[in-house]
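Please look over the sequence and the structure shown here. The briefing that follows goes through them topic by topic.

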Amino acid sequence: MWAITSKTTESRQEGRRLHLGLQFKFAATYILLIAAVLLFLNTYPVLSSQELIFRGKRDTLRSQASLLSSGLSGLDEITASGAGQLMEQLSLHNLTQVVITDGAGTVVYDTDRSAQSVGIPCAWPELNTALAQGVDVFHPAFHGGAFQSRAAVPVTVGGQVVGGVCLFEYDADQGSLLLDLQRNLRSISLVVCALAIAVSLFLSKALTRRIGRLLQGIRTVREGECSHRVKTSGHDELAQLGQEFNQLTTRLQTTEEVRRRFVSDASHELKTPLASIRLLTDSILQADNMEEDTMREFIGDVNQEAERLTRITEKLLTLTRMDSAPASPEPIAPTKPAPVIRKAGHMLEPLAAQSEVKLVYHLEEDCSVPCSEDDLYQIAFNLMENAVKYNLPGGTVIVTLAGTREGTVLKVEDTGVGVPEEDLNRIFERFYRVDKARSRAAGGTGLGLSIVQDTVRSCGGTVEARPREGGPGTAFVVTFPLPDPQTQN
Ligand code: ADP
(Lines give C-alpha, C1' and ligand atoms only; values in the text may rest on other atoms or scores of the structure.)
Protein backbone atom coordinates (compact mmCIF):
# COMPACT_ATOMS: atom_id res chain seq x y z
CA MET A 1 0.00 0.00 0.00
CA TRP A 2 2.78 2.36 1.04
CA ALA A 3 4.74 1.42 -2.08
CA ILE A 4 1.77 2.28 -4.33
CA THR A 5 1.20 5.64 -2.59
CA SER A 6 4.86 6.58 -2.79
CA LYS A 7 4.96 5.56 -6.48
CA THR A 8 1.96 7.76 -7.26
CA THR A 9 3.44 10.71 -5.36
CA GLU A 10 6.73 10.18 -7.17
CA SER A 11 5.07 10.21 -10.59
CA ARG A 12 3.06 13.28 -9.63
CA GLN A 13 6.26 15.07 -8.58
CA GLU A 14 7.94 14.02 -11.80
CA GLY A 15 4.95 15.41 -13.73
CA ARG A 16 5.17 18.69 -11.85
CA ARG A 17 8.89 18.90 -12.54
CA LEU A 18 8.35 18.39 -16.26
CA HIS A 19 5.37 20.72 -16.14
CA LEU A 20 7.46 23.44 -14.48
CA GLY A 21 10.42 22.75 -16.72
CA LEU A 22 8.42 23.16 -19.92
CA GLN A 23 6.51 26.12 -18.56
CA PHE A 24 9.77 27.81 -17.53
CA LYS A 25 11.30 27.16 -20.96
CA PHE A 26 8.30 28.51 -22.85
CA ALA A 27 8.00 31.58 -20.62
CA ALA A 28 11.75 32.27 -20.63
CA THR A 29 11.84 32.08 -24.44
CA TYR A 30 8.96 34.53 -24.83
CA ILE A 31 10.40 36.93 -22.24
CA LEU A 32 13.93 36.84 -23.69
CA LEU A 33 12.58 37.51 -27.15
CA ILE A 34 10.49 40.46 -26.00
CA ALA A 35 13.36 41.81 -23.86
CA ALA A 36 15.65 41.76 -26.91
CA VAL A 37 13.05 43.63 -29.01
CA LEU A 38 12.52 46.21 -26.24
CA LEU A 39 16.26 46.74 -25.77
CA PHE A 40 16.58 47.44 -29.47
CA LEU A 41 13.57 49.80 -29.40
CA ASN A 42 15.05 51.64 -26.41
CA THR A 43 18.49 52.22 -27.86
CA TYR A 44 18.07 52.55 -31.61
CA PRO A 45 15.69 55.59 -31.77
CA VAL A 46 17.66 57.47 -29.07
CA LEU A 47 21.04 56.85 -30.70
CA SER A 48 19.81 57.71 -34.19
CA SER A 49 18.09 60.92 -32.96
CA GLN A 50 21.28 61.94 -31.17
CA GLU A 51 23.32 61.27 -34.30
CA LEU A 52 20.87 63.35 -36.38
CA ILE A 53 21.12 66.31 -33.95
CA PHE A 54 24.94 66.07 -33.91
CA ARG A 55 25.01 66.25 -37.69
CA GLY A 56 22.76 69.35 -37.71
CA LYS A 57 24.91 71.04 -35.08
CA ARG A 58 28.12 70.28 -36.98
CA ASP A 59 26.72 71.83 -40.17
CA THR A 60 25.46 75.07 -38.51
CA LEU A 61 28.52 75.57 -36.29
CA ARG A 62 30.92 74.93 -39.15
CA SER A 63 29.14 77.31 -41.50
CA GLN A 64 29.01 80.03 -38.83
CA ALA A 65 32.70 79.50 -37.99
CA SER A 66 33.63 79.61 -41.68
CA LEU A 67 31.64 82.83 -42.11
CA LEU A 68 33.48 84.40 -39.19
CA SER A 69 36.82 83.05 -40.39
CA SER A 70 36.42 84.50 -43.89
CA GLY A 71 35.35 87.86 -42.37
CA LEU A 72 38.48 87.87 -40.17
CA SER A 73 40.77 86.98 -43.06
CA GLY A 74 39.63 90.24 -44.76
CA LEU A 75 40.97 92.35 -41.84
CA ASP A 76 44.51 93.76 -41.87
CA GLU A 77 45.09 92.45 -38.41
CA ILE A 78 43.01 90.44 -35.96
CA THR A 79 42.20 92.83 -33.12
CA ALA A 80 39.54 92.79 -30.38
CA SER A 81 37.72 95.81 -31.83
CA GLY A 82 37.81 94.44 -35.42
CA ALA A 83 36.49 91.11 -34.19
CA GLY A 84 33.77 92.83 -32.14
CA GLN A 85 32.59 94.88 -35.16
CA LEU A 86 32.53 91.81 -37.35
CA MET A 87 30.52 89.94 -34.74
CA GLU A 88 27.94 92.72 -34.70
CA GLN A 89 27.71 92.75 -38.50
CA LEU A 90 27.29 88.99 -38.77
CA SER A 91 24.84 88.73 -35.83
CA LEU A 92 25.45 84.98 -35.31
CA HIS A 93 22.66 83.07 -33.53
CA ASN A 94 22.38 80.52 -30.76
CA LEU A 95 26.04 80.60 -29.83
CA THR A 96 26.99 80.38 -26.18
CA GLN A 97 30.60 81.50 -26.56
CA VAL A 98 32.81 82.79 -29.39
CA VAL A 99 36.61 82.90 -28.99
CA ILE A 100 38.95 84.47 -31.57
CA THR A 101 42.72 83.99 -31.37
CA ASP A 102 45.74 85.13 -33.31
CA GLY A 103 47.91 82.72 -35.29
CA ALA A 104 49.78 81.63 -32.12
CA GLY A 105 46.57 80.71 -30.31
CA THR A 106 46.48 83.69 -27.92
CA VAL A 107 42.95 84.86 -27.22
CA VAL A 108 42.17 88.22 -28.84
CA TYR A 109 38.42 88.27 -28.37
CA ASP A 110 36.06 86.28 -26.10
CA THR A 111 32.27 86.80 -25.79
CA ASP A 112 32.46 85.41 -22.27
CA ARG A 113 34.05 88.31 -20.47
CA SER A 114 33.90 86.58 -17.13
CA ALA A 115 36.47 84.04 -18.40
CA GLN A 116 39.12 86.80 -18.57
CA SER A 117 40.94 84.85 -21.22
CA VAL A 118 42.08 87.73 -23.45
CA GLY A 119 45.85 87.78 -23.78
CA ILE A 120 46.40 84.23 -22.66
CA PRO A 121 46.69 81.09 -24.85
CA CYS A 122 43.40 79.40 -25.63
CA ALA A 123 42.98 76.07 -23.79
CA TRP A 124 40.53 74.47 -26.22
CA PRO A 125 42.20 71.37 -27.74
CA GLU A 126 40.02 71.69 -30.89
CA LEU A 127 41.52 75.13 -31.60
CA ASN A 128 45.07 73.90 -31.14
CA THR A 129 44.41 71.06 -33.67
CA ALA A 130 42.77 73.50 -36.12
CA LEU A 131 45.76 75.93 -35.89
CA ALA A 132 48.40 73.21 -36.05
CA GLN A 133 46.86 71.25 -38.95
CA GLY A 134 44.97 74.09 -40.72
CA VAL A 135 41.72 72.04 -40.72
CA ASP A 136 38.17 72.45 -39.39
CA VAL A 137 37.55 70.55 -36.14
CA PHE A 138 34.13 69.68 -34.68
CA HIS A 139 33.60 68.04 -31.30
CA PRO A 140 30.03 67.05 -30.35
CA ALA A 141 28.98 65.88 -26.85
CA PHE A 142 25.82 65.12 -24.94
CA HIS A 143 26.41 65.76 -21.21
CA GLY A 144 24.09 66.47 -18.30
CA GLY A 145 20.98 66.54 -20.47
CA ALA A 146 22.36 69.13 -22.95
CA PHE A 147 24.17 69.11 -26.30
CA GLN A 148 27.60 70.76 -25.90
CA SER A 149 29.19 71.27 -29.31
CA ARG A 150 32.46 72.95 -30.25
CA ALA A 151 33.76 73.91 -33.67
CA ALA A 152 37.24 75.35 -34.41
CA VAL A 153 38.26 76.80 -37.77
CA PRO A 154 41.62 78.39 -38.76
CA VAL A 155 41.75 81.92 -40.30
CA THR A 156 44.04 81.80 -43.32
CA VAL A 157 45.43 84.51 -45.55
CA GLY A 158 47.35 83.37 -48.65
CA GLY A 159 47.66 79.87 -47.24
CA GLN A 160 49.08 81.13 -43.94
CA VAL A 161 47.26 80.51 -40.65
CA VAL A 162 46.90 83.96 -39.09
CA GLY A 163 44.25 83.23 -36.49
CA GLY A 164 41.58 80.91 -35.21
CA VAL A 165 37.85 80.94 -34.50
CA CYS A 166 36.28 78.84 -31.82
CA LEU A 167 32.49 78.45 -31.37
CA PHE A 168 30.71 76.79 -28.43
CA GLU A 169 27.03 75.98 -28.26
CA TYR A 170 25.17 74.73 -25.15
CA ASP A 171 21.71 73.44 -26.20
CA ALA A 172 19.53 72.28 -23.28
CA ASP A 173 16.21 72.40 -25.24
CA GLN A 174 17.03 69.63 -27.70
CA GLY A 175 18.76 67.78 -24.86
CA SER A 176 15.59 67.72 -22.79
CA LEU A 177 13.60 66.60 -25.87
CA LEU A 178 15.96 63.65 -26.25
CA LEU A 179 15.71 62.88 -22.53
CA ASP A 180 11.89 62.97 -22.78
CA LEU A 181 11.98 60.54 -25.68
CA GLN A 182 14.27 58.24 -23.67
CA ARG A 183 11.98 58.45 -20.60
CA ASN A 184 8.82 57.77 -22.64
CA LEU A 185 10.37 54.79 -24.38
CA ARG A 186 11.49 53.39 -21.02
CA SER A 187 7.98 53.71 -19.52
CA ILE A 188 6.36 52.11 -22.58
CA SER A 189 8.92 49.31 -22.44
CA LEU A 190 8.24 48.65 -18.76
CA VAL A 191 4.48 48.38 -19.39
CA VAL A 192 5.02 46.16 -22.47
CA CYS A 193 7.49 44.02 -20.50
CA ALA A 194 5.02 43.51 -17.63
CA LEU A 195 2.26 42.65 -20.10
CA ALA A 196 4.56 40.26 -21.99
CA ILE A 197 5.53 38.48 -18.77
CA ALA A 198 1.87 38.09 -17.77
CA VAL A 199 0.80 36.90 -21.24
CA SER A 200 3.75 34.52 -21.64
CA LEU A 201 3.14 33.01 -18.18
CA PHE A 202 -0.54 32.59 -19.00
CA LEU A 203 0.13 31.05 -22.44
CA SER A 204 2.88 28.74 -21.23
CA LYS A 205 0.73 27.61 -18.31
CA ALA A 206 -2.22 26.89 -20.62
CA LEU A 207 0.04 24.93 -22.98
CA THR A 208 1.76 22.91 -20.29
CA ARG A 209 -1.56 22.24 -18.56
CA ARG A 210 -2.77 20.51 -21.73
CA ILE A 211 0.49 18.55 -22.06
CA GLY A 212 0.21 17.61 -18.40
CA ARG A 213 -3.34 16.30 -18.96
CA LEU A 214 -2.11 14.18 -21.86
CA LEU A 215 0.78 12.86 -19.78
CA GLN A 216 -1.57 12.01 -16.95
CA GLY A 217 -3.82 10.17 -19.44
CA ILE A 218 -0.86 8.12 -20.73
CA ARG A 219 0.09 7.19 -17.15
CA THR A 220 -3.48 6.18 -16.28
CA VAL A 221 -3.67 3.92 -19.35
CA ARG A 222 -0.20 2.51 -18.61
CA GLU A 223 -1.43 1.54 -15.15
CA GLY A 224 -4.16 -0.58 -16.79
CA GLU A 225 -7.15 1.83 -16.96
CA CYS A 226 -7.78 1.23 -20.69
CA SER A 227 -11.20 2.93 -20.66
CA HIS A 228 -9.61 6.30 -19.80
CA ARG A 229 -9.90 9.03 -22.46
CA VAL A 230 -8.41 12.53 -22.50
CA LYS A 231 -10.56 15.59 -23.18
CA THR A 232 -9.58 17.34 -26.40
CA SER A 233 -10.51 20.81 -27.57
CA GLY A 234 -9.40 22.90 -30.56
CA HIS A 235 -7.74 21.79 -33.77
CA ASP A 236 -4.04 22.32 -33.07
CA GLU A 237 -1.31 19.67 -32.87
CA LEU A 238 -1.98 19.01 -29.17
CA ALA A 239 -5.67 18.37 -29.89
CA GLN A 240 -4.65 16.00 -32.70
CA LEU A 241 -2.24 14.26 -30.32
CA GLY A 242 -5.10 13.82 -27.84
CA GLN A 243 -7.39 12.38 -30.53
CA GLU A 244 -4.67 9.99 -31.71
CA PHE A 245 -4.10 8.93 -28.11
CA ASN A 246 -7.82 8.27 -27.61
CA GLN A 247 -7.98 6.21 -30.82
CA LEU A 248 -4.92 4.25 -29.72
CA THR A 249 -6.51 3.60 -26.33
CA THR A 250 -9.76 2.43 -27.95
CA ARG A 251 -7.75 -0.02 -30.04
CA LEU A 252 -5.84 -1.14 -26.99
CA GLN A 253 -9.08 -1.65 -25.11
CA THR A 254 -10.61 -3.70 -27.94
CA THR A 255 -7.47 -5.83 -28.23
CA GLU A 256 -7.44 -6.34 -24.48
CA GLU A 257 -11.12 -7.36 -24.46
CA VAL A 258 -10.58 -9.78 -27.39
CA ARG A 259 -7.55 -11.25 -25.60
CA ARG A 260 -9.46 -11.73 -22.35
CA ARG A 261 -12.40 -13.33 -24.12
CA PHE A 262 -10.06 -15.56 -26.09
CA VAL A 263 -8.23 -16.72 -22.97
CA SER A 264 -11.50 -17.41 -21.14
CA ASP A 265 -13.04 -19.22 -24.18
CA ALA A 266 -9.86 -21.22 -24.72
CA SER A 267 -9.70 -22.33 -21.08
CA HIS A 268 -13.37 -23.23 -21.18
CA GLU A 269 -12.91 -25.28 -24.36
CA LEU A 270 -9.90 -27.07 -22.87
CA LYS A 271 -11.69 -27.68 -19.59
CA THR A 272 -14.63 -29.56 -21.19
CA PRO A 273 -12.68 -32.51 -22.67
CA LEU A 274 -10.43 -32.59 -19.58
CA ALA A 275 -13.52 -32.87 -17.33
CA SER A 276 -14.87 -35.71 -19.52
CA ILE A 277 -11.52 -37.52 -19.32
CA ARG A 278 -11.50 -37.17 -15.52
CA LEU A 279 -15.06 -38.44 -15.25
CA LEU A 280 -14.31 -41.44 -17.44
CA THR A 281 -11.08 -42.36 -15.65
CA ASP A 282 -12.75 -41.93 -12.23
CA SER A 283 -15.51 -44.30 -13.34
CA ILE A 284 -12.91 -46.88 -14.43
CA LEU A 285 -10.96 -46.52 -11.18
CA GLN A 286 -14.02 -46.71 -8.94
CA ALA A 287 -15.63 -49.71 -10.63
CA ASP A 288 -14.48 -52.94 -8.92
CA ASN A 289 -15.00 -55.49 -11.61
CA MET A 290 -15.65 -53.63 -14.82
CA GLU A 291 -16.35 -55.75 -17.83
CA GLU A 292 -13.68 -55.60 -20.48
CA ASP A 293 -16.08 -54.37 -23.19
CA THR A 294 -17.30 -51.50 -21.00
CA MET A 295 -13.73 -50.67 -20.03
CA ARG A 296 -12.72 -50.58 -23.73
CA GLU A 297 -15.71 -48.36 -24.50
CA PHE A 298 -14.67 -45.93 -21.71
CA ILE A 299 -11.05 -45.89 -22.82
CA GLY A 300 -12.24 -45.29 -26.41
CA ASP A 301 -14.15 -42.24 -25.15
CA VAL A 302 -11.05 -41.02 -23.28
CA ASN A 303 -9.10 -41.42 -26.51
CA GLN A 304 -11.69 -39.37 -28.43
CA GLU A 305 -11.55 -36.57 -25.86
CA ALA A 306 -7.74 -36.61 -25.99
CA GLU A 307 -7.93 -36.31 -29.78
CA ARG A 308 -10.24 -33.33 -29.41
CA LEU A 309 -7.78 -31.71 -27.01
CA THR A 310 -5.00 -32.28 -29.55
CA ARG A 311 -7.11 -30.70 -32.31
CA ILE A 312 -7.94 -27.64 -30.18
CA THR A 313 -4.32 -27.09 -29.10
CA GLU A 314 -3.06 -27.54 -32.67
CA LYS A 315 -5.54 -24.96 -33.98
CA LEU A 316 -4.77 -22.60 -31.10
CA LEU A 317 -1.09 -22.91 -31.93
CA THR A 318 -1.84 -22.15 -35.61
CA LEU A 319 -3.76 -19.00 -34.60
CA THR A 320 -1.06 -17.86 -32.17
CA ARG A 321 1.62 -18.39 -34.82
CA MET A 322 -0.42 -16.31 -37.29
CA ASP A 323 -0.97 -13.54 -34.72
CA SER A 324 2.73 -13.21 -34.00
CA ALA A 325 4.01 -13.75 -37.58
CA PRO A 326 5.51 -10.54 -38.98
CA ALA A 327 4.12 -9.36 -42.32
CA SER A 328 6.30 -10.74 -45.10
CA PRO A 329 8.35 -7.92 -46.68
CA GLU A 330 8.71 -9.91 -49.93
CA PRO A 331 5.67 -10.37 -52.21
CA ILE A 332 4.67 -14.06 -52.22
CA ALA A 333 5.08 -15.98 -55.49
CA PRO A 334 1.65 -16.83 -56.97
CA THR A 335 0.24 -20.35 -56.58
CA LYS A 336 -2.20 -22.17 -58.86
CA PRO A 337 -5.13 -23.10 -56.58
CA ALA A 338 -6.79 -25.83 -58.71
CA PRO A 339 -4.38 -28.69 -57.80
CA VAL A 340 -4.32 -27.61 -54.13
CA ILE A 341 -8.15 -27.65 -53.96
CA ARG A 342 -8.24 -31.13 -55.51
CA LYS A 343 -5.65 -32.35 -52.98
CA ALA A 344 -7.80 -31.04 -50.07
CA GLY A 345 -10.88 -32.70 -51.64
CA HIS A 346 -8.96 -35.98 -51.95
CA MET A 347 -8.13 -35.88 -48.24
CA LEU A 348 -11.82 -35.29 -47.44
CA GLU A 349 -13.13 -38.12 -49.58
CA PRO A 350 -13.40 -40.67 -46.72
CA LEU A 351 -15.38 -38.17 -44.61
CA ALA A 352 -17.55 -37.26 -47.60
CA ALA A 353 -18.24 -40.91 -48.35
CA GLN A 354 -19.11 -41.56 -44.70
CA SER A 355 -21.49 -38.55 -44.69
CA GLU A 356 -22.91 -39.54 -48.11
CA VAL A 357 -21.92 -36.17 -49.57
CA LYS A 358 -20.74 -35.62 -53.17
CA LEU A 359 -17.91 -33.21 -54.04
CA VAL A 360 -18.30 -31.33 -57.36
CA TYR A 361 -15.58 -29.09 -58.88
CA HIS A 362 -15.74 -26.23 -61.42
CA LEU A 363 -12.12 -25.07 -61.46
CA GLU A 364 -10.37 -22.73 -63.88
CA GLU A 365 -6.90 -24.23 -64.17
CA ASP A 366 -5.10 -21.00 -65.17
CA CYS A 367 -6.05 -18.96 -62.10
CA SER A 368 -3.30 -17.99 -59.69
CA VAL A 369 -3.38 -16.30 -56.29
CA PRO A 370 -0.74 -14.41 -54.20
CA CYS A 371 -0.77 -17.03 -51.45
CA SER A 372 1.54 -19.86 -50.38
CA GLU A 373 0.46 -23.46 -51.13
CA ASP A 374 0.17 -24.24 -47.38
CA ASP A 375 -2.10 -21.24 -46.75
CA LEU A 376 -4.25 -22.10 -49.75
CA TYR A 377 -4.59 -25.71 -48.54
CA GLN A 378 -5.55 -24.46 -45.05
CA ILE A 379 -8.31 -22.25 -46.52
CA ALA A 380 -9.70 -24.81 -48.97
CA PHE A 381 -9.54 -27.74 -46.51
CA ASN A 382 -11.33 -25.92 -43.67
CA LEU A 383 -14.12 -24.56 -45.90
CA MET A 384 -14.66 -27.87 -47.70
CA GLU A 385 -14.51 -29.85 -44.43
CA ASN A 386 -17.23 -27.59 -42.94
CA ALA A 387 -19.30 -27.96 -46.14
CA VAL A 388 -19.16 -31.75 -45.67
CA LYS A 389 -19.57 -31.69 -41.85
CA TYR A 390 -22.63 -29.44 -41.87
CA ASN A 391 -24.23 -31.10 -44.89
CA LEU A 392 -27.10 -33.59 -45.03
CA PRO A 393 -26.90 -37.18 -46.31
CA GLY A 394 -27.22 -37.15 -50.09
CA GLY A 395 -26.07 -33.52 -50.19
CA THR A 396 -23.51 -31.88 -52.47
CA VAL A 397 -20.50 -29.61 -52.05
CA ILE A 398 -19.78 -27.42 -55.09
CA VAL A 399 -16.32 -25.85 -55.30
CA THR A 400 -15.91 -23.12 -57.92
CA LEU A 401 -12.71 -21.28 -58.86
CA ALA A 402 -12.88 -18.43 -61.36
CA GLY A 403 -10.80 -15.45 -62.35
CA THR A 404 -12.59 -12.09 -62.38
CA ARG A 405 -11.48 -8.52 -63.00
CA GLU A 406 -11.36 -7.88 -59.21
CA GLY A 407 -9.34 -11.02 -58.48
CA THR A 408 -9.59 -14.78 -58.16
CA VAL A 409 -12.79 -16.02 -56.50
CA LEU A 410 -13.03 -19.33 -54.65
CA LYS A 411 -16.61 -20.34 -53.78
CA VAL A 412 -17.49 -23.31 -51.54
CA GLU A 413 -21.26 -24.00 -51.54
CA ASP A 414 -23.13 -26.76 -49.77
CA THR A 415 -26.69 -28.01 -49.64
CA GLY A 416 -26.52 -28.48 -45.87
CA VAL A 417 -28.15 -27.14 -42.72
CA GLY A 418 -27.27 -23.49 -43.48
CA VAL A 419 -26.37 -20.67 -41.08
CA PRO A 420 -29.07 -18.38 -39.63
CA GLU A 421 -28.85 -14.81 -41.02
CA GLU A 422 -27.90 -13.30 -37.63
CA ASP A 423 -24.98 -15.74 -37.19
CA LEU A 424 -23.44 -15.22 -40.62
CA ASN A 425 -20.97 -12.56 -39.44
CA ARG A 426 -20.28 -14.11 -36.06
CA ILE A 427 -19.18 -17.56 -37.27
CA PHE A 428 -15.69 -16.14 -38.01
CA GLU A 429 -15.19 -15.30 -34.31
CA ARG A 430 -12.97 -17.61 -32.30
CA PHE A 431 -14.93 -20.47 -30.63
CA TYR A 432 -18.24 -19.25 -32.03
CA ARG A 433 -20.52 -22.14 -33.05
CA VAL A 434 -24.11 -22.01 -34.22
CA ASP A 435 -24.98 -25.50 -33.06
CA LYS A 436 -22.53 -26.55 -30.33
CA ALA A 437 -23.77 -30.13 -30.13
CA ARG A 438 -23.54 -30.67 -33.88
CA SER A 439 -20.09 -29.07 -34.07
CA ARG A 440 -18.90 -31.22 -31.15
CA ALA A 441 -20.36 -34.37 -32.67
CA ALA A 442 -18.60 -33.54 -35.94
CA GLY A 443 -15.28 -33.05 -34.07
CA GLY A 444 -15.38 -29.25 -34.46
CA THR A 445 -13.38 -26.77 -32.37
CA GLY A 446 -14.99 -23.46 -33.34
CA LEU A 447 -11.61 -22.24 -34.62
CA GLY A 448 -11.60 -23.36 -38.26
CA LEU A 449 -13.27 -20.27 -39.76
CA SER A 450 -11.10 -17.91 -37.64
CA ILE A 451 -8.04 -19.59 -39.13
CA VAL A 452 -9.55 -19.25 -42.62
CA GLN A 453 -10.26 -15.54 -42.10
CA ASP A 454 -6.78 -14.78 -40.70
CA THR A 455 -5.09 -16.73 -43.51
CA VAL A 456 -7.16 -15.04 -46.23
CA ARG A 457 -6.37 -11.62 -44.74
CA SER A 458 -2.65 -12.40 -44.60
CA CYS A 459 -2.90 -13.06 -48.39
CA GLY A 460 -4.59 -9.67 -48.84
CA GLY A 461 -8.02 -11.20 -49.60
CA THR A 462 -11.50 -11.21 -48.06
CA VAL A 463 -13.92 -13.95 -47.03
CA GLU A 464 -17.65 -13.82 -46.46
CA ALA A 465 -20.47 -16.26 -45.73
CA ARG A 466 -23.89 -15.94 -47.33
CA PRO A 467 -26.94 -18.15 -47.83
CA ARG A 468 -26.62 -20.33 -50.95
CA GLU A 469 -28.48 -18.96 -53.96
CA GLY A 470 -31.31 -21.14 -55.17
CA GLY A 471 -31.79 -23.42 -52.18
CA PRO A 472 -30.87 -24.32 -48.59
CA GLY A 473 -27.23 -24.34 -47.52
CA THR A 474 -24.36 -21.89 -47.23
CA ALA A 475 -21.87 -20.33 -49.65
CA PHE A 476 -18.42 -19.17 -48.53
CA VAL A 477 -16.82 -16.73 -50.97
CA VAL A 478 -13.10 -15.98 -50.82
CA THR A 479 -11.76 -13.19 -53.05
CA PHE A 480 -8.00 -13.14 -53.58
CA PRO A 481 -6.37 -10.02 -55.03
CA LEU A 482 -4.77 -10.24 -58.46
CA PRO A 483 -1.16 -11.41 -58.10
CA ASP A 484 1.54 -8.71 -58.11
CA PRO A 485 2.88 -8.59 -61.74
CA GLN A 486 6.44 -8.21 -60.33
CA THR A 487 6.33 -11.71 -58.83
CA GLN A 488 5.04 -13.38 -61.99
CA ASN A 489 7.55 -15.00 -64.26
P1 ADP B 1 -16.09 -25.85 -36.13
O2 ADP B 1 -14.81 -26.50 -35.81
O3 ADP B 1 -17.07 -25.85 -35.04
O4 ADP B 1 -16.63 -26.29 -37.45
P5 ADP B 1 -15.63 -23.35 -37.49
O6 ADP B 1 -14.94 -22.15 -37.06
O7 ADP B 1 -15.09 -24.05 -38.72
O8 ADP B 1 -15.69 -24.33 -36.27
O9 ADP B 1 -17.13 -23.00 -37.77
C10 ADP B 1 -17.83 -22.24 -36.80
C11 ADP B 1 -19.30 -22.57 -36.82
O12 ADP B 1 -19.88 -22.08 -38.04
C13 ADP B 1 -19.58 -24.02 -36.83
O14 ADP B 1 -19.65 -24.54 -35.52
C15 ADP B 1 -20.94 -24.10 -37.50
O16 ADP B 1 -21.94 -23.87 -36.55
C17 ADP B 1 -20.91 -22.96 -38.48
N18 ADP B 1 -20.56 -23.38 -39.85
C19 ADP B 1 -19.37 -23.34 -40.44
N20 ADP B 1 -19.43 -23.77 -41.72
C21 ADP B 1 -20.73 -24.10 -41.94
C22 ADP B 1 -21.44 -24.63 -43.07
N23 ADP B 1 -20.82 -24.87 -44.23
N24 ADP B 1 -22.75 -24.82 -42.92
C25 ADP B 1 -23.38 -24.55 -41.76
N26 ADP B 1 -22.76 -24.07 -40.66
C27 ADP B 1 -21.45 -23.86 -40.75
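## Cysteines, cores and helices

Cysteine 166 counts as buried, at 0% relative accessibility; buried means under 20% relative accessible area, exposed over 50%, and partly exposed in between (1.4 Å probe, protein chains only). The model is predicted, and for this reason local features need pLDDT of at least 70 and side-chain atom pairs count only at pLDDT 80 or more, while totals for chains, interfaces and linings use all residues. Residues are numbered from 1 along each chain as its sequence is written, and side-chain values use heavy atoms, with hydrogens and water left out. Helices (H or I, at least four residues) and strands (E, at least two) are DSSP runs, numbered from the N terminus.

**Cysteines**

- The structure holds 1 disulfide, a disulfide being a pair of cysteine sulfur atoms within 2.5 Å.
- This disulfide joins cysteine 371 to cysteine 459, with an S to S distance of 2.4 Å.
- Cysteine 371 lies in the loop between β7 (358–363) and α8 (373–389), and cysteine 459 in the loop between α10 (448–458) and β10 (462–467), so the pair ties together parts that are 88 residues apart in sequence.
- The link of cysteine 371 and cysteine 459 is right-handed, with 45 degrees about the S-S bond.
- Cysteine 371 is buried, with a relative accessible area of 0%, and cysteine 459 is buried with 6%.
- Cysteine 166 is in no disulfide.
- Cysteine 122 is buried, at 8% relative accessibility.

**Nonpolar cores**

- In soluble globular proteins, nonpolar side chains tend to be buried together.
- A nonpolar core is a set of buried Ala, Val, Leu, Ile, Met, Phe, Trp, Tyr and Cys residues joined through side-chain atoms within 4.5 Å.
- The largest nonpolar core has 37 residues, of which Ile379, Leu410 and Phe480 touch the most other members.
- Two or more residues of this core come from each of α7 (337–354), β7, α8, β8 (396–403), β9 (407–414), α10, β10 and β11 (474–481).
- α8 gives the largest share of this core, 7 residues.
- Leucine 410 touches residues including Ile341, Ile379, Val399 and Phe480, not counting residues up to four places away in sequence; contact means heavy atoms within 4.5 Å.
- Another core, of 20 residues, lies apart from the largest one, and among its members are Ala65, Ile78, Val98 and Val108.

**Helix α10**

- Of the 11 residues of α10, 9 are buried, so this helix is largely enclosed by the rest of the structure.
- Among the buried residues of α10 are Leu449, Ile451, Val452 and Val456.
- The buried residues of α10 pack against α6, α8, β10 and β11.
- Glycine 460, which follows α10, has a positive phi near 85 degrees.

**Helix pairs**

- Axes are lines fitted to C-alpha atoms, for helices over the stretch in contact, and angles run from 0 to 180 degrees between N-to-C directions.
- The axes of α5 (residues 237–286) and α6 (residues 292–324) come within 9 Å and cross at roughly 165 degrees.
- α5 and α6 are therefore roughly antiparallel to each other; angles under 35 degrees count as roughly parallel, over 145 as roughly antiparallel, 65 to 115 as roughly perpendicular and the rest as oblique.
- α4 and α5 pack at an angle of about 10 degrees, with their axes 11 Å apart.
- α4 and α5 are therefore roughly parallel to each other.
- Residues making this contact include Leu207, Ile211 and Leu214 of α4 and Leu241, Phe245 and Leu252 of α5.

**Leucine 185**

- Leucine 185 lies in helix α4 (residues 172–222).
- Leucine 185 touches Leu41, Asn42, Pro45 and Val46, not counting residues up to four places away in sequence.
- The C-alpha atoms of leucine 185 and leucine 38 are separated by 9.0 Å, though these residues are 147 residues apart along the chain.

**Positive phi outside glycine**

- Glutamate 356 is not a glycine, yet its phi is positive, about 55 degrees.
- Glutamate 356 is in the loop between α7 and β7 and is exposed, with a relative accessible area of 53%.
- Phenylalanine 431 is also not a glycine and has a positive phi of about 70 degrees.
- Phenylalanine 431 lies in the loop between β9 and α9 (436–441) and counts as buried, at 7% relative accessibility.
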